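Please look at the sequence and the 3D structure below. Then read on for a short tour of its core and its charged pairs.

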Amino acid sequence: MDPWVTIPSGALAAYRYREEIRSIWGKTLEKLAGKKSNIVFTGMPGVGKTVLLDHLTGRGFDPNYLPPGRSVNAERGKVNRRGNKMAITVIPGQLSQPRLEHLAQAFNAKQPVDGVVHVVCNGFAAQRDPFQVEYLRENGIDTLEKYRIHHRQRELEDFAAVSSAIRVAAQKHRKAPWLLVAADKLDLYGSEAERLAARRYYGSDGGDFFELVNTLRHHVGTDNMTYDLLPACAWIEDFEWAGEKVSPTLGNQERQGLILYLANAIYERCRQ
Ligand SMILES: Nc1nc2c(ncn2[C@@H]2O[C@H](COP(=O)(O)OP(=O)(O)OP(=O)(O)O)[C@@H](O)[C@H]2O)c(=O)[nH]1
Ligand SMILES: [Mg+2]
C-alpha cells in the first residue's frame, strides 16, 4: 500500500488507540536500549517535531493535550520505563548555540545514532518568532505561495546542516544511521496531486530535497544508508499567512492511521 495515495486510517476508540501506540513506542525504546543506540529527531523550527514525537509516544492523544510552542531544549521521547530515557532526542530547530555545534553534539554522543527522523512540512512551518514574521512581511513574503517557497528553501539549508552532522557521525562510528524523512502536516495538502508533487520533491530523482539526500548517501556510501520518505500528520489545524487560509483535508482517523504507520516504520528499523 502506498501511504501517499491511500492514506492509512485508524478506527479505534481513543483509549484503545493510545494503548496501541504506547505499546509500539515501548517496544521501540526497548530495542534501542538493547542496542545501546538512539534516534535523533531533526528539522527546522516550526515543522512539527515536538507535536509529532508527543503523538508517537501517545502523550499527544491525551484529551487535554495542546501543542507546547517553541522548544528551547532538547526533548526526550520517554515512555515511563526505566533506563530508556535517553533513547530519543529531539533537537530544537531554533538553537542558542550555532546549529552545527548542537547537531554535532547530538551525533557525537557516546551512544551511536541508530536512526534519524528528519521532519519537513512542505513550506507550512509555523513562524512563531515575531521578529521573523515582521522580517518576512517587510521582505516581500506577502502571499502564502511565497511563504511556502521561502520555507522550503530554509528546509534545504537546514537539511544540508543535518547532513554534515550525519557525515561526522558516520565517520566516527564507521556506520551510518538510517534516515527517515517524515513529511508532516499532510492535512494541509489540498489534493492527491499535491501529495504526489511532495513525494517527488522529497523522494524522487530530480526533486530538490532528494538531490541533497543523494549527495549525503554518496558521501557515506549508498549501501551504508537507507532512506525512506513517509507522510505524517500529528495535528489538524488551519494554516494562515497574509490573509490566505488553508483548511485541513484530513480527519482524526487519518491522523491516527498515519501516526501508527510511522510508529511501526520506526520500530521496524530499530528491530534490524
Ligand atoms: N496543520 C497541522 N499543523 C501542525 C501539525 N503538527 C504541528 N502543527 C502546528 O505546527 C506548530 C509547530 O509544531 P512543533 O511540534 O512545536 O514544531 P517544532 O518542530 O518542535 O518546532 P521547534 O520546537 O521550534 O523546533 C504546532 O504548534 C502546530 O500549530 C500537523 O500535522 N498539521
Ligand atoms: Mg519543538
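This report covers the ground rules, the nonpolar core and the salt bridges.

## Ground rules

This is a predicted model: local features need pLDDT of at least 70, side-chain atom pairs count only at pLDDT 80 or more, and totals for chains, interfaces and linings use all residues. Residues are numbered from 1 along each chain as its sequence is written, chains are lettered from A and ligands numbered from 1 in the order in which they are written, and side-chain values use heavy atoms, leaving out hydrogens and water.

## The nonpolar core

A nonpolar core is a set of buried Ala, Val, Leu, Ile, Met, Phe, Trp, Tyr and Cys residues joined through side-chain atoms within 4.5 Å. Buried means under 20% relative accessible area, exposed means over 50%, and partly exposed lies in between (1.4 Å probe, protein chains only).

The largest nonpolar core has 85 residues. Within it, F41, L52, F209 and I266 touch the most other members. Helix α5 (residues 144-173) gives this core its largest share, 10 residues. Helices (H or I, at least four residues) and strands (E, at least two) are DSSP runs, numbered from the N terminus.

What does L52 touch? Leaving aside residues up to four places away in sequence, its partners are F41, V119, A182, D184, A232, A234, I259 and L262. Contact here means heavy atoms within 4.5 Å.

A salt bridge is a side-chain nitrogen of Lys or Arg within 4 Å of a carboxyl oxygen of Asp or Glu. The whole structure holds 12 of them.

D62 pairs with R18 at 3.8 Å, N to O. This pair links distant parts of the chain: R18 sits in helix α1 (residues 14-35), and D62 in the loop between α2 (49-56) and β2 (75-76), 44 residues apart. R18 is buried, at 18% relative accessible area. D62 is partly exposed, at 30%.

D62 also forms a salt bridge with R22, with the closest N and O atoms 3.5 Å apart. R22 lies in helix α1 and D62 in the loop between α2 and β2, so this pair ties together parts 40 residues apart in sequence. R22 is partly exposed, at 32%.

## A pair within one helix

E157 and R154 form a salt bridge, with their closest N and O atoms 2.9 Å apart. Both are in helix α5, and because they are three residues apart, about one helical turn separates them. E157 is partly exposed, at 42%. R154 is partly exposed too, at 29%. As for shared partners, salt bridges join R18, R22 and D62 into one network.
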